[in-house]
Amino acid sequence: MPIQRRTILKSTDRKGIHLQLQSATPQPSFWKRPPGYLLVTAIGVCGVVGWLYFNFDSEITETLVRQDEVVQQPKIFTVQCSEDYDNYKRYPGCTPQTCGRAVTDGVVTHEEALVLQRLAERGLSLAGSDGGASILDLHSGALSMGKQFVNIYRYFGEQIKDVFSEDDFQLYRAVRARIQGVIAETFGLDPSRMYLTKPTFFSRINGSVARTTHDEYWHPHIDKVTYGSFDYTSLLYLSDYGRDFGGGRFVFMDADGNRTVEPRAGRVSFFSSGSENLHRVEKVGWGTRFAITVSFTCDQAHAIADPSLP
Ligand SMILES: O=C(O)CCC(=O)C(=O)O
Ligand SMILES: [Fe+2]
C-alpha cells in the first residue's frame, strides 16, 4: 500500500510541473488533478444522473416483483373488487368474486419466451409502426404499418407461411391454455367457463417518438373499460427489464400509491380487469420491450378461437 501511494504522488507532481509550465495563472487545486480523475468523475456524475433519470419516480411506492426475482409459484396480491362487475351479467364459475393480481415465472419457460419473442420479431419486421409501439394480432391478422394497420393474412397471402409455422401457433395455444389454467386456479374459477377474447396481441415498444395515438401506450387505463369484454387480463413478457430495455415497467395505480411489476422473459402477470386494477406502462427509455396480451372473458358471446394459420 505505501508503495502505491508514493507512485501516485510522483505522477501528480509531474502533472503539476507540466501545468505550471503551460500557464502562469494559478489554477484551483481540483483542476491540477490528472485528466483521468476528471474523466472518472464526469462518467460517475453522468451515471448517477442517468440512473436517476430512468429509475427515480417519486410516485413509485412498491415493487411487487423485481426482474431478478424468480417466482415459481404465483405471488398473489388480493385487492377489493370494484363495483364494475355489478353492471355486467354474472357468470358463475368465472365472474370475479375475489379480485387481485398475481405474477408467476413458473408457467412459461425462458426458452418458450424466446421462441415467442423471435416469432414477434419476424412478424413485426414485416412492417411496424412509425412511432414507438407496434402490435401484431395473430387472431385478426392486424399488424402496425406506418401510421395504420394492415391485415397480414390478406396483405402477405400465402407468404405468411414462410414467416410463421404451425409450431408457432401450437406454442401460442399451449401457452394460452397454461395461462388460463393458472388464472383459474389462482382465482378459484372453472377454466371451462373462461374464454379467450380479443384483442390478443404481441407488442413491441421502443423509445421512438409517438406518431399517432396508437403509439401512446403509457396512458393509465382499465382493461374492462378499454376492451369491453375482458374479465381477466394476462401479460406474458418476452424480454427483460433492465437488460433488453429501460423504463417500461408495468404500474398498478392504487389509491395509496403505485405498485410495479418488472418484466422478465417468461413472466406471466395476470389480474382481474376491472377498475380495481387501474394501470399503465412506463415510457420505454431505451432498448426494445416485447410482450403478449392474452385475455379472457366470462361471456361466451365474446369468445374467440385460438389463432391459427389460414
Ligand atoms: O404490456 C403491458 O405490460 C401492459 C399492456 C396493457 O396494459 C394492455 O395491453 O392493456
Ligand atoms: Fe391494459
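Let me begin with a term: a residue is near a molecule if its C-beta atom, placed from the backbone, lies within 6 Å of it. What you see is a predicted model, in which local features need pLDDT of at least 70 and side-chain atom pairs count only at pLDDT 80 or more, while totals for chains, interfaces and linings use all residues. Residues are numbered from 1 along each chain as its sequence is written, and chains are lettered from A and ligands numbered from 1 in the order in which they are written.

Around ligand 1 we find Ser-203, Asp-223, Leu-235, Phe-250, His-279, Val-281, Ala-291 and Thr-293. Two or more of these residues come from each of β14 (279–281) and β16 (289–297), strands being DSSP runs of E with at least two residues, and helices runs of H or I with at least four, numbered from the N terminus.

Turning to the helices, the axes of α3 (residues 110–124) and α5 (residues 166–187) come within 11 Å and cross at roughly 130°, where axes are lines fitted to C-alpha atoms over the stretch in contact, and angles run from 0 to 180 degrees between N-to-C directions. Glu-112, Val-115, Leu-116 and Leu-119 of α3 meet Asp-168, Leu-171 and Val-175 of α5, contact requiring C-beta atoms, placed from the backbone, within 7 Å.

Finally, the end C-alpha atoms of residues 200–299 lie 16 Å apart, and this span is 5% helix and 46% strand.

Methods. Contact = placed C-beta atoms within 7 Å.
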